[in-house]
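The exercises below are meant to be worked through with the sequence and the 3D view open side by side. Each one sets a task and then gives a solution in steps.

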Amino acid sequence: MNVPRSLIRLTAIFAASVVFLTACNGGDGDTGDGISDSYSIGITQIVSHPALDNTREGFKAAFDDAGLEVTWDEQNAQGEQATASNIAGSFANANLDLVYSIATPTSQAAAQQITDIPIVFSAVTDPEDAGLVNSWEEPGGNITGASDMNPVAEQLELLVEVVPDAETIGVVYSSGETNSQIQVDMLNEAAEEMGLEVQESTVSTSAEVQQSVESLEVDAVYVPTDNAVVSALEAVLQYGQQNDIPIIAAEADSVLRGAVATYGIDYTELGYQAGEMAIRILADGEDPASMPVETLSELELTVNPDAAEAMGIELSEDLVERADVVVGVDEQPLDPAEAGEEGDEE
């Protein structure tokens with residue numbers, strides 16, 4: 001049968017139009033008007049430890065509470081920057097609606113390789129200094145999120161309240177983590193104003209934490225939100241217990257694991273807040289470029305009297321009474337070995 005050429009051309013034009021419209025619609029379930037029945041989201045996490053794991057679960061909970069269906073692709077770099085880059089590269093070539101990056105190293109890797117879909121980060125201390133955004137107020141690209149910038153000066157004041165005779169403060173941190181260097185700079189600035197000396201010791205990987213902390217000769221140790229150090233926190237806690245050196249942490253999960261105290265943020269809430277930002281991007285069509293980086297306004301005082309006793313000190317009644325969370329009363333303390341095993345699971 002001979003088909004008229006005009007009909008062939010019309011059919012080709014129609015087929016091309018269908019292909020074009022399909023390409024414009026984005027991920028699965030997208031109706032083309034910004035509303036989707038389901039989303040595909042990739043999660044890239046630098047390493048497993050309770051704070052970051054809680055951030056991830058908080059993010060997912062926001063979608064559950066919103067009644068949104070999500071297909072999750074969860075990847076963990078296990079502390080390796082090269083792996084984080086590989087994960088980012090695979091996400092860049094996947095049919096994802098959004099990428100959620102947890103911690104500074106994975107967020108940097110994602111920002112370098114993913115340019116055509118939104119990225120929402122959390123557990124990033126200073127996204128501007130890390131080169132992720134143009135500014136906190138106007139990110140300017142395809143990435144925004146929720147920062148875990150912690151009140152280092154207030155945490156140092158808490159350390160002095162816990163250890164009044166402290167003169168030298170030790171800090172172990174990863175030389176490769178931008179977020180950690182920022183916190184150590186803040187620690188040094190606050191310590192100088194308070195007449196305290198800071199003794200620094202750096203690591204490249206979590207395997208070096210034990211040797212690094214044992215090199216310190218200090219009155220107390222401050223643990224920043226450093227991923228390499230927090231993933232090996234049990235080595236720091238053991239040092240504190242064996243030498244009667246109190247350990248003050250930058251976040252509450254480390255106190256649950258055995259540090260003495262902190263005044264900081266709730267990482268589950270931080271992840272939930274990031275999830276709400278992601279929903280506004282996906283469901284409401286907000287542009288990450290103009291969404292200011294957010295922080296948590298509510299901070300909690302968390303104390304662990306049993307950990308304090310194990311490190312040779314006793315917390316004052318006033319401090320315990322002021323605490324929002326008292327580990328062993330409001331929360332059950334974890335055995336350090338169990339906490340380490342739990343942090344390794346993914």
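Y100 counts as buried at 0% relative accessibility, where buried stands for under 20% relative accessible area, exposed for over 50% and partly exposed for in between, with a 1.4 Å probe and protein chains only. The model is a predicted one, in which local features need pLDDT of at least 70 and side-chain atom pairs count only at pLDDT 80 or more, while totals for chains, interfaces and linings use all residues. Residues are numbered from 1 along each chain as its sequence is written, and side-chain values use heavy atoms, with hydrogens and water left out.

**Exercise 1. Classify the ring pair of F59 and Y100, and state which elements the pair ties together.**

Step 1. Rings of Phe, Tyr and Trp (its six-membered ring) pair if their centres lie within 6.5 Å, and planes under 30 degrees apart count as stacked, over 60 as edge-to-face and the rest as tilted; this rule gives four aromatic pairs.

Step 2. The ring centres of F59 and Y100 are 3.6 Å apart and the planes stand at 5°, so this pair is stacked.

Step 3. Because F59 lies in helix α2 (residues 50-65) and Y100 in strand β3 (residues 98-102), the pair ties together parts that are 41 residues apart in sequence; helices (H or I, at least four residues) and strands (E, at least two) are DSSP runs, numbered from the N terminus.

**Exercise 2. Classify the pair of F63 and W72, and compare the exposure of the two residues.**

Step 1. With ring centres 5.6 Å apart and planes at 90°, F63 and W72 make an edge-to-face pair.

Step 2. F63 is buried, its relative accessible area being 0%, whereas W72, at 24%, counts as partly exposed.

Step 3. F59, F63, W72 and Y100 form one aromatic cluster.

**Exercise 3. Locate G264 and relate its position to that of A249.**

Step 1. G264 belongs to strand β10 (residues 261-264) and, at 3% relative accessibility, is buried.
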